[in-house]
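Please look through the model shown below with an eye to its aromatic rings and to one of its helices. The paragraphs that follow take these topics in turn.

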Amino acid sequence: MSIPVLTIDGPSGAGKGTVSRLIAKKLGWHYLDSGSIYRSLALALQKAAVDITAVDDIVSIAKAMVLEFECNDELIVKLNGEDITPQLGLESTGSIASQIAALPEVRQVLLKKQQDFKQLPGLVADGRDMGTVVFPDAEYKVFLTASAEKRAARRYKQLKEKEIDANLMQITIEIEARDRRDSERQAAPLAMANDALYIDSSDLTIESVIQEVINLIH
Ligand code: C5P
C-alpha cells in the first residue's frame, strides 16, 4: 500500500512548522520537522566541542546521535535522552544548522533518518528539500514562502512568546543570511519542486493557508 506524503518546503519563518503540525494533526498523519534534525546535529556538535569544519567528526556524530520526537501542541526533541527543545529554536542554532547543512556528506547521513518517518497512515514533511530530494515521489507538494520582513517579524514574535531575548533588526539580517546560504549551496539547495503548489503566506492567515493545502489533498 502506498503511503501518502505531503511535503512543505520553503524559507525559514514562512509558517511551515505551524501549518505542517496542524495539518498532520487534522489528517492524523506523522510529522517530520527536518530542520530540527539539522538543528539537533548543530547542538550535538556544540556539546562535543566539534568545529563546523571538521567534516569527518561531524559525520560520526550525525551517525551516532539518537533523536526522539514527541509531537503534541509543540514539538519536543530529545538528543541522546536529553530534552534540547529550549535551545533548538534559537537563531544561533539555526545558523550553525544551515552551515553544516551545506555539507553533502552530512545530508547523505541524515537522508535515511528522514525517509524513515514515512509510515502509515501518512506523513507531512517540512523543510527545504522534502519535495525535491528526500521525497521526490510525494503525492502532494507545497512551496510556502513569505516576504523577508514578514518572516522576520513572525520569528521575532515566536521568540518573544517563548521569552527568548530577540532583536528584530538582528533577526532580519540573520534570516536573510540563512536564506542566501540555503538557496545558493550546491547540495540540495532550497528550491521549489516543479510539481509543487506555490503559496505566498505574507498576507494570509494560518487558517487560510491550511485550507489551501487541505483543498490540494482532497
Ligand atoms: O527549518 P529550520 O529553520 O529549522 O532549519 C534550520 C536549517 O537547517 C535551515 O536553515 C537549513 O539550512 C537546514 N535545513 C536543510 N534542509 C532541510 C531542513 C533544514 O538544509 N530539509
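A residue is called buried when its relative accessible area is under 20%, exposed when that area is over 50%, and partly exposed in between. In this model, which is predicted, Phe117 has a relative accessible area of 19% and is therefore buried, whereas Phe69, with 28%, is partly exposed.

The structure holds 2 aromatic pairs.

Because Phe143 lies in strand β7 (residues 140-145) and Tyr198 in strand β8 (residues 197-200), the pair ties together parts that are 55 residues apart in sequence. Phe143 counts as buried at 11% relative accessibility, and Tyr198 is partly exposed, its relative accessible area being 46%.

Turning to the helix, α2 (residues 34-47) contains 14 residues and spans 20 Å from its first C-alpha to its last, close to the 20 Å expected at 1.5 Å a residue. Helix α2 is mostly covered, with 11 of its 14 residues buried; among them are Ile37, Tyr38, Arg39, Leu41 and Leu45. After α2 comes Ala49, which has a positive phi near 55°.

Notes
Residues numbered from 1 in each chain as written. Predicted model: local features only at pLDDT ≥ 70, side-chain atom pairs only at ≥ 80, totals over all residues. Heavy atoms only, no water. Phe/Tyr/Trp six-rings, centres within 6.5 Å; stacked < 30°, edge-to-face > 60°. Buried < 20%, exposed > 50% of the residue type's maximum accessible area, 1.4 Å probe, protein only. Helix = DSSP H or I, 4+ residues; strand = E, 2+ residues; numbered from the N terminus. Expected span 1.5 Å × (residues − 1).
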